[in-house]
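Welcome! Then let's walk through some of its features together.

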Amino acid sequence: AITLGSGALNNLPIALATASALLHPTSSAIVHTAVVAVDLGPNLSVSASLATLLWLIALRREGLQVSAWHFLARGALVLPPALLLAVLATR
């Protein structure tokens, strides 16, 4: 849910909401998983983080065009395995 929210909106407000929800975590694995989820979410949307927008500008300067749908398709392929591996690594 954190990853999808971070991808649909922007990772900054989702990170702030997640941080306030995890003020008293029961496990460090939960905190690590939440941090990874907030970080990986912007891989789904071109407007979910400033870093993504800056990369798109750099790619366009080099003559490469990446559409929002192409970005979403690639992100949907890459995100689940990356999230799974990151969650497994935090345990």
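Areas come from the Shrake-Rupley method with a 1.4 Å probe, and for residues only the protein chains shown count as cover.

Leu54 sits in helix α4 (residues 50-61). Leu54 counts as partly exposed because its relative accessibility is 48%; buried means under 20%, exposed over 50%, and partly exposed in between.

## About the model

This is a predicted model, where local features need pLDDT of at least 70 and side-chain atom pairs count only at pLDDT 80 or more, while totals for chains, interfaces and linings use all residues. Residues are numbered from 1 along each chain as its sequence is written, and side-chain values use heavy atoms, leaving out hydrogens and water.

## The whole chain

The chain has five helices and zero strands. Both are DSSP runs numbered from the N terminus (helices: H or I, at least four residues; strands: E, at least two). The C-alpha atoms fill a box of roughly 50 × 25 × 20 Å along the principal axes.

Of the 91 residues, 29% are buried. The accessible surface comes to about 6,100 Å², and 71% of it belongs to carbon and sulfur atoms.

## Helix α3 and its partners

Helix α3 (residues 28-40) has 13 residues and reaches 18 Å from its first C-alpha to its last, close to the expected 18 Å. That expected span is 1.5 Å times one less than the number of residues.

Which residues of α3 are buried? They are Ala34, Ala37, Val38 and Leu40. These buried residues pack against α1 (2-8), α2 (11-21) and α5 (68-89).

## A closer look at Thr18

Thr18 lies in helix α2 and counts as buried because its relative accessibility is 12%. Leaving aside residues up to four places away in sequence, Thr18 touches Ile2, Ala34 and Val38, where a contact means heavy atoms within 4.5 Å. The side chain of Thr18 also reaches the backbone oxygen of Ile14 at 2.7 Å.

Note on methods
Buried means under 20% relative accessible area, exposed over 50%, partly exposed in between (1.4 Å probe, protein chains only). A polar contact is a pair of N or O atoms within 3.5 Å; within protein, one must be able to donate a hydrogen and the other to accept it, and residues adjacent in sequence count only if both atoms are side-chain atoms.
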